[in-house]
Each structure stands twice: as structure tokens, then as C-alpha cells.
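Hi everyone, thanks for coming.

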Amino acid sequence: MREEAIWVALHKLWEESSKSGRLLRQLQSSVSGAQLWKMDHAELLQRFPAVPAELWDIFCTRKKQINLSKVEAYLHQNQIHILLYNNPSYPSLLKEIHQPPALLYWKGNFAPSDLNIAIVGSRKADHYGLSTAEQLGSQLSKAQVCVVSGLARGVDAQAHRGALEGVGGTIAVQGCGIDQIYPRENRKLAEQILAHERGCILSEFPLGSPPIGWHFPQRNRVISGLSQGVVIVQAAVKSGAFITVETALEQGRDVFAVPGQINNPLSAGP
């Protein structure tokens, strides 16, 4: 676990950089974490000139304060697993998207099915939207399809609940660090997901990352990226669910829409 702990620590050190994902993927392809950790500032600058000098400054200054044994212990105690981009088990579908995550943090049982379908929609869905999401999640999971969604209020939560009724299971992609649950009201649901034999909670954000606004559009590309298709249940045109649909189309995924009442604003997205 030491190798994973090093990449986790580096990911946290560089979390403020918009280039961190791309740089971490490049580094993983050319050097091990253990080798990287041993290099001094001059060697890092010489071997990896594509990495901005200020990031190596941060790394060399702050790594002295990091106890890797404590990082390993934290991961172990919280049952957090790490999947690096260069790992053969990294989902091939996710590798196809623009800027795939350099690290995936996951808990539970990460075993995507041969067919993964995302279900997305409004946090403010009405009874029709909520019941439809739950029914779709249940029927898909019972057909051995893994249901992917974002653990948000409304459609997401109901899709996860429905999926728990079948063998296909469900993957909840978070917009915060894996060591947090957002929203708090879905903590019990998160526990139920982790208890399922094919239930998983996943995040691309460093440990301790809060659920801030820009994380969610970024999270949405992973929801669609893990899936062969996306179902939009209810959503306004300007919404997070609709962003997921747009990223799905950009990624070449199939998109399905649940019909709704023509006078319902939440039908506008579908």
C-alpha cells in the first residue's frame, strides 16, 4: 500500500493545481511513487521538466511533513482503496474520456458489470420522477446491469435505492473526498450501498476535499464515463443532470430520456 499512499499524498499536495490530473497520469507512466519520493529537487526538475517548478517546490518542501505510515493507516482504517490510472484494472470505458482521473478512490465492492447505465435527474424531482427512477434502477439491477449515479438528493438517491434490490448493484460517484458523504442525509443510503455485494462509492477528489460547486460538473463526466448509456429522468435544461447528458454525448455514449408532462418544467431537460 506504500505505493498508493505516495500517490495519494502527492495528489493532496497538488490539489490546487488545475494541471495535477494530467501531470499525475504522465508521471505514473514513467516512474514509480517510491522512486519519485526519493528524488531531490534538482533531479526532479531535470527528469520531469514538463512539471512546473512551483509544484516540485511544494512537493519537496511539504513532503517532509508527511508520514506515509499514517496515510497508509488512514486508508486501511477507513477501508479506502486506490486505483491508479496505470493499473490494468482501471475501467477501460473511463480511459476513453477527456482528462480521466489520475486516481480513483473507492470503498465497497468496485466491480462494474459488463453493462453500466447511469440514471440522473433533478434533486427536486416530483413523485413521478422519484418513483420512475427507483423503478428503473430496480429493473436494471435485476437484469444484472450496474446503475451509476451521483448520490445526490432526488433522482440519484432513488435510482441507487432501486438498484440495491438487484444483483447488478450500483456505483455512487461523489463530488467530494471519499472520506466524506454528501449530502449528510444520504449517509444511511451510503451504508446500504457499501453493504451490497456490488455496491461502491467512488471519488476522484483528494482525501478531505469538500463538496464545493465546481466539483459536481467535473464529477458528472465520471458518471457518464463509467457508463455505456445515460438515462435522464427529470431535469431542467440548466442543471447538473443536463451537464451529465452533454458530457455523455461528447463521450459518444447513448442517451435515453423519460417522457414527462409537457407542462412540467422538469420535463424540459428530457
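Let's start with Arg-2 and Glu-72, whose side chains meet in a salt bridge, 2.9 Å from N to O. By salt bridge I mean a side-chain nitrogen of Lys or Arg within 4 Å of a carboxyl oxygen of Asp or Glu. This pair links distant parts of the chain: Arg-2 sits in helix α1 (residues 2–13) and Glu-72 in helix α6 (residues 68–77), 70 residues apart. Helices (H or I, at least four residues) and strands (E, at least two) are DSSP runs, numbered from the N terminus.

Before we go on, please keep in mind that this is a predicted model, where local features need pLDDT of at least 70, side-chain atom pairs count only at pLDDT 80 or more, and totals for chains, interfaces and linings use all residues. Residues are numbered from 1 along each chain as its sequence is written, and side-chain values use heavy atoms, with hydrogens and water left out.

How open are these two partners? Arg-2 is partly exposed at 36% relative accessibility, while Glu-72 is buried at 17%. Buried here means under 20% relative accessible area, exposed over 50%, and partly exposed in between, with a 1.4 Å probe and protein chains only.

How many salt bridges does the structure hold? There are six, and I'll show you two others.

One joins Glu-165 and Lys-142, with the closest N and O atoms 4.0 Å apart. Glu-165 lies in the loop between α9 (155–163) and β5 (170–173), and Lys-142 is in helix α8 (residues 127–142), 23 residues apart. Glu-165 is partly exposed at 45%, and Lys-142 is exposed at 54%.

Another brings together Glu-185 and Arg-153, at 2.8 Å from N to O. Here both partners are in loops: Glu-185 between β5 and α10 (187–195), and Arg-153 between β4 (146–149) and α9, 32 residues apart. Glu-185 is exposed at 52%, and Arg-153 is partly exposed at 33%.

Now for the cysteines. A disulfide is a covalent bond between the sulfur atoms of two cysteines. The rule used here asks for a pair of cysteine sulfur atoms within 2.5 Å, and by that rule the count is zero. Cys-200 is in no disulfide either, with the sulfur of Cys-146 nearest at 8.2 Å. Cys-176 is buried, at 1% relative accessible area, and Cys-200 is buried at 0%.
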